[in-house]
Amino acid sequence: MTVCDSMLRLSAVGNISEKPVIGILGGIGSGKSTVAAEFAKLGCGVIDADKIAHELLGLDAVKEEIVTRFGRAVLNGAGKIDRRKLAGAVFCDAEKLSLLNQIIHPLVLERAEKLIHQYRRQSHVKAIVLDMPLLLEVGWARRCDRLIFVDSEQKLRQGRAKKMGFDENHLKIRENFQISLDKKFDLADNTVENNSDFSALVRQVADIFSDIMDNG
């Protein structure tokens, strides 16, 4: 990360909140949400973009727009959006993926903004964590005081992704539409290694959080 990038990022954050804003980076299956959950235990407010997107898919207006764009094949037997069917319909097609992002991302970011302002007013919240798979892609890296990359070996990530319902090919397709892991690693201020036991991850998160609280 260049000095210019760092200054722009910190300047933008300074206009948003006095509380540190922490962005989590990493590949699918790396353990970003696990790291975010540990920050939550330390007193951080976590903004989970995937959870927000999932909630949005339950809204009638969003469902109607998605069905209009992608057809009723993305619905399950109960007439609700089936996330796996929707993913299968868009993640092999850059144009369709872009269209879905145009529908969902503005709404996700709008809710994230509201949560940021809520956490700013809550005295018990020590910092704000952004758990957003496309944090860099949507330009929110500049909203963060710290960027933390969750590093995990490819075989481990593949195993976790498989448990999430993604095969190896699906994992590659998804990541092809994202900024490379090397770029994310280079942009990060800190790295959490998630290749060993859980207690090691907990210690790393605690050390980074202590440094953030002490030094900003």
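In the lining of the largest pocket, the residues divide by class into 21 nonpolar, 13 polar and nine charged. The model is a predicted one, and the largest pocket in it has a volume of about 1,300 Å³. Of the 43 residues lining this pocket, those closest to its centre are D50, R83, P133, F166 and R174.

**Helices in the pocket lining**

- At least two residues of the lining of the largest pocket come from each of helix 2 (32–41), helix 3, helix 5 (83–90), helix 6 and helix 8 (168–176).
- Helix 6 gives the most to the lining of the largest pocket, supplying seven residues.

**Packing of helix 3 with helix 6**

- Helix 3, which covers residues 49–56, packs with helix 6, which covers residues 94–121, at an angle of about 120°, and their axes are 10 Å apart.
- Helix 3 and helix 6 are therefore oblique to each other, and helix 3 passes helix 6 in a right-handed crossing.
- On the helix 3 side, A49, I52, A53, E55 and L56 take part in the contact, where they meet I104, L107, V108, R111, A112 and L115 of helix 6.
- Sorted by class, the residues of this contact between helix 3 and helix 6 comprise nine nonpolar and two charged residues, with no polar ones.

Methods. Residues are numbered from 1 along each chain as its sequence is written. This is a predicted model: local features need pLDDT of at least 70, side-chain atom pairs count only at pLDDT 80 or more; totals for chains, interfaces and linings use all residues. Side-chain values use heavy atoms; hydrogens and water are left out. Axes are lines fitted to C-alpha atoms, for helices over the stretch in contact, and angles run from 0 to 180 degrees between N-to-C directions. Helices (H or I, at least four residues) and strands (E, at least two) are DSSP runs, numbered from the N terminus. Angles under 35 degrees count as roughly parallel, over 145 as roughly antiparallel, 65 to 115 as roughly perpendicular and the rest as oblique. A crossing is left-handed if the near helix is turned anticlockwise from the far one by less than a right angle, and right-handed if clockwise. Contact means heavy atoms within 4.5 Å. Ala, Val, Leu, Ile, Met, Phe, Trp, Tyr, Cys and Pro count as nonpolar, Asp, Glu, Lys and Arg as charged, and the others, Gly among them, as polar. On a 1 Å grid over the protein atoms alone, a cavity is a set of points where a 1.4 Å probe fits but cannot get out, and a pocket is an open set with protein on both sides within 12 Å along at least five of seven lines; lining residues have an atom within 4 Å of a point. Grid points are joined across faces, edges and corners, and a volume is the space filled by probe spheres set on the points.
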